[in-house]
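Hi there,

Here is the structure I promised to pass on. Have a look at it first, and my notes follow below.

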Amino acid sequence: NVLVIGACGQLGLELTAALRQRYAPAAVVAADVRPPQNPAALAGGPFELLDVLDKPRLTALVQHYRPVQVYHLAALLSATAERDPGFAWKLNMDGLLNVLNVAVQERVPQVYWPSSIAVFGPDTPRQHTPQVTVMNPNTVYGISKLAGEQWCEWYYRHHGLDVRSLRYPGLIGYKSLPGGGTTDYAVDIYHKAVAGEDFECFLKPDTYLPMMYMPDALQATLDLMHAPAEAIKVRTSYNLGAMSFAPRDVASSIQREIPGFRIRYAPDQRQAIADSWPASIDDTAARRDWHWQPRYDLHRMTRDMLAHLREAVVA
Ligand code: VAH
């Protein structure tokens, strides 16, 4: 079995579907603190209610399903975490430590935990940000992801736990909506374009950020988790890159397909978060250790996003 914690989130819905395709659907247990808004999204296999802060419940689920892999995705993202620092730290840190401790106690063979480009801060080199560099995150989310990376390495060194991690860029997909991130504009813009509406962007037109199409993020996650343990040289979290773009780039990419599409800009508090993050990522280590190779650039993503979202509107 495989257990996905936080299965109702933007990444969770897609990763659960990808894992159910790769294994038997009945073998992939989706868990979240509340049921999915669209039950059909997770209908292919078992669903369990789980608050990852409830360690006894987490232990019981792991003892019942005996998963060979646990994907722990539950967390507050960057914008939401700034509004509720106390709970963000509690969920992001105590949740991770519960998973690491139960995995060691119950001898779970493998754990996956997502980090983010949010671990970098305003004094990190912004172009081709290296795997090892200055890390002074100035968001609660980034602080929790940096601390989490160090805990993952500690559990690997002290308990031999095979926990693996990726520093995701902003993720864009058509099957799920993002929740509380600073890169969410890059998903919302496609929905507005397909609906024939103008888009108001909460970042400045030239806010250049590392981004990735969801199929690439899913492929990277599965490639990392299925690489032989001796290939994994980074036990904090791997830099992962695919492309970088700014709102004005994605808007003109859409306008090539939908000439009438209009965008206007109204930067909000998320601008400061975006300005603290890198513009591009050096993911040489991931390409060297487990042969990472992205497949989607901005225009291929735009064509795929618009085609799928148009189907949905029609359906
Ligand atoms: C966020 N989507 O915006 C997440 C991610 C790199 C961005 O961590 O908070």
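In which hand of crossing does α2 pass α4? The crossing is right-handed, a term that applies if the near helix is turned clockwise from the far one by less than a right angle, anticlockwise being left-handed.

Before the rest, a word on the basis. This is a predicted model, with residues numbered from 1 along each chain as its sequence is written. Local features need pLDDT of at least 70 and side-chain atom pairs pLDDT 80 or more, while totals for chains, interfaces and linings use all residues, and side-chain values use heavy atoms, without hydrogens or water.

**Helix pairs**

Helices are DSSP runs (H or I, at least four residues), numbered from the N terminus. Axes are lines fitted to C-alpha atoms over the stretch in contact, and angles run from 0 to 180 degrees between N-to-C directions.

Helix α2 (residues 55–65) and helix α4 (residues 85–105) have axes that come within 10 Å and cross at roughly 40°. That makes α2 oblique to α4 (under 35 degrees counts as roughly parallel, over 145 as roughly antiparallel, 65 to 115 as roughly perpendicular, and the rest as oblique). In contact (heavy atoms within 4.5 Å) are K55, L58, T59 and V62 of α2 with N98, V99, N101, V102 and Q105 of α4.

α4 also packs with helix α5 (residues 140–159): their axes come within 10 Å and cross at roughly 15°, so the two are roughly parallel. This crossing of α4 and α5 is right-handed. Among the residues that meet are W89, M93 and L97 in α4 and Y141, A147 and W151 in α5.

Helix α1 (residues 10–22) and helix α7 (residues 214–226) pack at about 60°, with axes 10 Å apart, which makes α1 oblique to α7. α1 passes α7 in a right-handed crossing. The residues in contact include L11, E14 and L15 of α1 and M214, L218 and L222 of α7.

**The ligand**

Around the ligand (a heavy atom within 4 Å) are L77, S78, S116, I117, Y141, Y168, P169, G170, G181, T182, T183 and W277.

- S116: a polar side-chain atom lies 2.8 Å from a ligand oxygen atom.
- Y141: a side-chain N or O atom is 2.7 Å from an oxygen atom of the ligand.
- T182: a backbone N or O atom lies 2.6 Å from a ligand oxygen atom.

Best wishes

Methods. A polar contact is a pair of N or O atoms within 3.5 Å; within protein, one must be able to donate a hydrogen and the other to accept it, and residues adjacent in sequence count only if both atoms are side-chain atoms.
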